[in-house]
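This report describes a protein structure for a reader who has its sequence and coordinates at hand. Please view the structure below before reading on.

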Amino acid sequence: MSSPTRFKKTSLIALAVAIVLIIIGIVVNLLPIPDDSMWRVLFGVSTLNFTLRATVPLALGAMAGILCERTGIINIGIEGMMLAGAFAGFVAKVATNDWPLMASLLVGVAAALAAGAAMGYIHALFSIKFKMDQIISGTFLILLAGGLTSYLFNPDSVAEGKFSPIAIPFLSKIPVIGDIFFNNPPITYAAFIIVIALHIGLFHTKWGLRSRAAGEHPRAADTVGINVNFYRYLNTTLGGMVAGLAGGFLVLEAVGQFQEGMTAGRGFISLAAMIFGNWMPFGALGAATLFGYTQGVQNALLLAGVVNIPRHFISMLPYLVTIIAVAGFVGRVRPPAAEGKVYETEGSSE
Amino acid sequence: MGHFSLRRLFRSLLIPVLAVLTALVVGAVIMWLAGDNPIAAYKGLFQGAFGSARGWATTIRKWSPLLLTGLSVAVAFQAGLFNIGASGQFMMGTIFSVWVGINFADMPAIIHVPLAISAGILGGLLWGAIPGILKVTTGAHEVITTIMLNYIAALFAGWTVYAGGSQGQKPGPLWDPAAKAISQTPPVVESARIPFIFGPPYRVHWGIVLAIITIFVMAWLIYKTTIGFELRTVGQNFKASKYAGIRVGWTIILAMMLAGALAGMAGAIETLGVNFKFAPEFGGSVGFDGITVALLGQTNPFGVGLAAFFLASLAAGGAKMQFDSGVSSDIIQVINALLLAFVAAPAIIRYLYRIRKSPEEKETTPKISWGG
């Protein structure tokens, strides 16, 4: 393997698309283009704001996936972890409705993190201790979260209030960029911090090296004294927390309420973003932005009513792009080598 | 298959039966913790499924789609593939069959019904072939491609019946103008509807007989034919089957086509026997339930039949359970999920009941990995 920080082709493509998008957005919004022009519809500030809102849960979900999969635990249950986080955040928010708003919302975030962590831990326990097939364990998480949240949800309860935007001094005054990036509610900022932290953590710390070793070559990792299963438990639980935060974002920052099945496939698109981004944090962020943009554009086109392509076909884009990416038509993606395999130390295996 | 022995039969039933019991007990604990009365709930559930002729009829009506999607997932498992795409294949089967079903109004039923079912099978087969071909030609993992194809199928199906929007969005080709703003197809014509065995209010149609025949066909195909042998060999030992001269690529594509065809057939039977039209909200959790059914049935066609019957009875009893005991029928999805966990990880059941693993016993749960 070459230098681990070097971007592979797909992650580069994903990132490039996201950057090009931002640059076009800046240029278009600074030029005196009439409001009803196609450029305004496709790259206006409102479209890009919507893109960012759609991107945050996808990016967080993808980071959750990277955390688990880099240590060798396949996680297709992100969808369920997100839903559990969303529901827990909602219940905690409703229970503390009469507290000061910020305190109540933070309790909601804590609950979302805790629920996600619990889901992550269950996934690790099933995958490692009980040797359940990891894909089936992920499927279980999705079904469990879907069933439990529907069963426990009381449609009469209402969460009062949600996170409001915090303008960053000076930066938010920059034209266009300030409007898009520096005037957002807290979980959005947190998402970007998590992406950067995960990149640094994975590629520039001891923890990251050990985690990746557990996912690439557990036998070798074990030989040099790394506790493979400890890192798998730890990172899968952390991944669950990040996915739970994505759910918390939906309830506490984006929508303000819980709805049954409100994750609506975001966990699966996150999975797609992770793969398209080649298991690299920035690559996955780029892919998440691309997928978020298809949602932003869909919204903008519907509002503007200018295009005859049925909205269903625009919505298909993220899924098609993912198939194209995993089929290797844009440069092969490569998962961590030891993914999905139970690791047993010498001796403990029968 | 080896010779039959009572001890072996007992062994093979032990884990699934304990898994069912454990799932029901854990489900009861969850209900109790949530402040519901689990005894009243299970009583309502049982009565809803088996307490009346109508209950039995509902159970049988819900049996066929679960049975067929279960077989779909099971046949893919036999070949070492995880078909998480049954819901997309079901959807395509639905769209193909509904298209035949709402057209050709003057065709005699003896041709129209088989034609519409065949169309559904074809729709599912084609949709199932895509991940198979992608896996063989490019190595793309079927779990990812089938999940993505589920969404594409749902969006495609949604578009075909789309009523159009106020912003100049055109309606879809299968939309019923008589339904005005509602996105749905016109009703399936009389000649394309699967006849009833027991008419209203029971509405049990001949589709279930077709589904049961399919169990035997699949059992024969998997255990008695060369194709089935190749399928199982590829599933058990990918490398060895290559050296043995089996055309592995073709076998994988065939397995996915079979899986798709079965799920497509489920969609066709639901459309032509129960719903008589298509609207985007149809389908529901049928693909995921197929996974639970396949694993509970230990991927054996007859086991799948039994497992599907059990899940069908849960689904059928849900309405009465909710009505009688006030317990939301959503708990059934929780029980299904638990059931999936317990059958997929026999280690949990063995751990809970301190059962030892017998040396000749093979894990029935297939192992799947990203690498392929």
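## Surroundings of one proline

Leaving aside neighbours within four places in sequence, A:Pro57 makes contact with A:Met82, A:Ala246, A:Phe249, A:Leu250 and A:Arg266. The model discussed here is a predicted one. A:Pro57 belongs to helix α3 of chain A, which covers residues 45-70. Is A:Pro57 buried or exposed? A residue counts as buried if 20 or more other C-beta atoms lie within 10 Å of its own; A:Pro57 has 30 such atoms within 10 Å and is therefore buried. The C-alpha atoms of A:Pro57 and A:Ile269 are separated by 9.8 Å, although these residues are 212 residues apart along the chain.

## The nonpolar core

In soluble globular proteins, nonpolar side chains tend to be buried together. In this model, the largest nonpolar core has 234 residues. Those with the most contacts inside this core are A:Ala59, A:Leu60, A:Met63, A:Val242, A:Ala273 and A:Ala284. For A:Leu60, residues up to four places away in sequence again being left out, the contacts are A:Ala191, A:Ile194, A:Val242, A:Ala243, A:Leu245, A:Ala246 and A:Phe249.

## A helix of chain A

Helix α5 of chain A, residues 101-129, has 29 residues. From its first C-alpha to its last, α5(A) reaches 41 Å, close to the 42 Å expected at 1.5 Å a residue. After α5(A) comes A:Lys131, which has a positive phi near 55 degrees.

## Where the chains meet

Contacts between the two chains involve 43 residues of chain A and 44 residues of chain B. On the side of chain A that touches chain B, the elements giving two or more residues are α6 (134-152), α12 (266-276) and α14 (311-326). Helix α6(A) supplies the largest share of that side, twelve residues. The table divides the side of chain A that touches chain B by class.

| Class | Residues on the side of chain A that touches chain B |
|---|---|
| Nonpolar | 26 residues |
| Polar | twelve residues |

## Chain B as a whole

Chain B has 14 helices and two strands. The C-alpha trace of chain B spans about 65 × 55 × 40 Å along its principal axes. The radius of gyration of chain B is 21 Å, which agrees with the value near 21 Å for a compact globule with 372 residues. Of the 372 residues of chain B, 55% count as buried. Among contacts in chain B with a separation of 6 or more, 75% are between residues 24 or more positions apart.

Terms used:
Residues are numbered from 1 along each chain as its sequence is written. Chains are lettered from A and ligands numbered from 1 in the order in which they are written. This is a predicted model: local features need pLDDT of at least 70, side-chain atom pairs count only at pLDDT 80 or more; totals for chains, interfaces and linings use all residues. A nonpolar core is a set of buried Ala, Val, Leu, Ile, Met, Phe, Trp, Tyr and Cys residues joined through C-beta atoms within 7 Å. A residue is buried if 20 or more other C-beta atoms lie within 10 Å of its own, exposed if 12 or fewer, and partly exposed in between; C-beta atoms are placed from the backbone. Two residues are in contact if their C-beta atoms, placed from the backbone, lie within 7 Å. Helices (H or I, at least four residues) and strands (E, at least two) are DSSP runs, numbered from the N terminus. Ala, Val, Leu, Ile, Met, Phe, Trp, Tyr, Cys and Pro count as nonpolar, Asp, Glu, Lys and Arg as charged, and the others, Gly among them, as polar. The radius of gyration is taken over C-alpha atoms; the globule rule is 2.2 Å times the number of residues to the power 0.38. The expected span of a helix is 1.5 Å times one less than its number of residues.
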